[in-house]
Amino acid sequence: MLSYKQREIAYILNIVSLAGITAISLAAIAIQFLLNELPCPLCLLQRAGILAIGIGYLMNLMLGCKSRYIALSTFAAIFTMFFAIRQVLLHITPNSTGYGDIILGAHMYSWVVIVCSTIVLWNCLINLYLEDNYRKPRNNALLSIGRITMAIFILTISINIGLTFMECGFGQCSDNPVSYQYSL
């Protein structure tokens, strides 16, 4: 049975995890607008994977922290890493310049491999700390921070769905997108 303090720490770890995933997703949206980087179909799969990772943390905050939700997040990170590795392998040829601009020394898909590897390790460490007999903490301030984090994450999901629709419409996304099909 987790003590009161351990429940708070577990809740804080999930808030930090969800806030990190939300920040990564918002950074991808910002790069899309600031650098006019329209995501390719593999990039969209990676974005969906990042959001799926966040769903595990969201479930922990909403339903109580359980190892199965951490496992969901871990599986999402592994599959997302596979999509990113596939894209890295597509652009690893000697004359390839890669897809998109370089951000902080690497392409976005290379960053996804690094981020997903880190998330798998992070989830393993969190899982070592948690027990399945978990209840939410009683600290109202902490619960409020958790609700705000969840709301921002859900807003991020909505933004990504809207942007994907604007780019792809009802059909298949183009391999090398250059413009939105629908604009505001």
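I looked up cysteine 116 and noted a relative accessibility of 0%, so cysteine 116 counts as buried. Here buried means under 20% relative accessible area, exposed means over 50%, and partly exposed lies in between, with a 1.4 Å probe and protein chains only. The model is predicted: local features need pLDDT of at least 70, side-chain atom pairs count only at pLDDT 80 or more, and totals for chains, interfaces and linings use all residues. Residues are numbered from 1 along each chain as its sequence is written, and side-chain values use heavy atoms, with hydrogens and water left out.

**Cysteines**

I next turned to cysteine 40, which counts as buried because its relative accessibility is 5%. I then searched for disulfides, a disulfide being a covalent bond between the sulfur atoms of two cysteines. The rule I applied asks for a pair of cysteine sulfur atoms within 2.5 Å. By this rule I counted zero disulfides.

**Helix α4**

I recorded α4 as residues 108-129. Helices are DSSP runs (H or I, at least four residues), as strands are (E, at least two), numbered from the N terminus. The expected span is 1.5 Å times one less than the number of residues.

Which residues of α4 are buried? I listed Tyr109, Val112, Val113, Cys116, Ile119, Val120, Asn123 and Ile126. Seen down the axis of α4, these buried residues fall within an arc of 155°, so they line one face of the helix. The arc is taken from the directions from the helix axis to the C-beta atoms. On the face turned away from the buried side of α4 I found the exposed residues Leu121, Leu125 and Leu128.

**Glutamine 46**

I located glutamine 46 in helix α2 (residues 41-63); at 4% relative accessibility, glutamine 46 counts as buried. Setting aside residues up to four places away in sequence, glutamine 46 touches Thr80, Phe83, Ala84, Gln87, Tyr109 and Val112. Contact means heavy atoms within 4.5 Å. Two of these partners, Tyr109 and Val112, I had already listed among the buried residues of α4.

**Helix α1**

I placed glutamate 8 in helix α1 (residues 4-34) and noted 9% relative accessibility, so glutamate 8 counts as buried. Beyond its neighbours within four places in sequence, glutamate 8 is in contact with Pro137, Asn139 and Leu142. Glutamate 8 and asparagine 139 are 131 residues apart in sequence, yet 7.8 Å apart in space, C-alpha to C-alpha.
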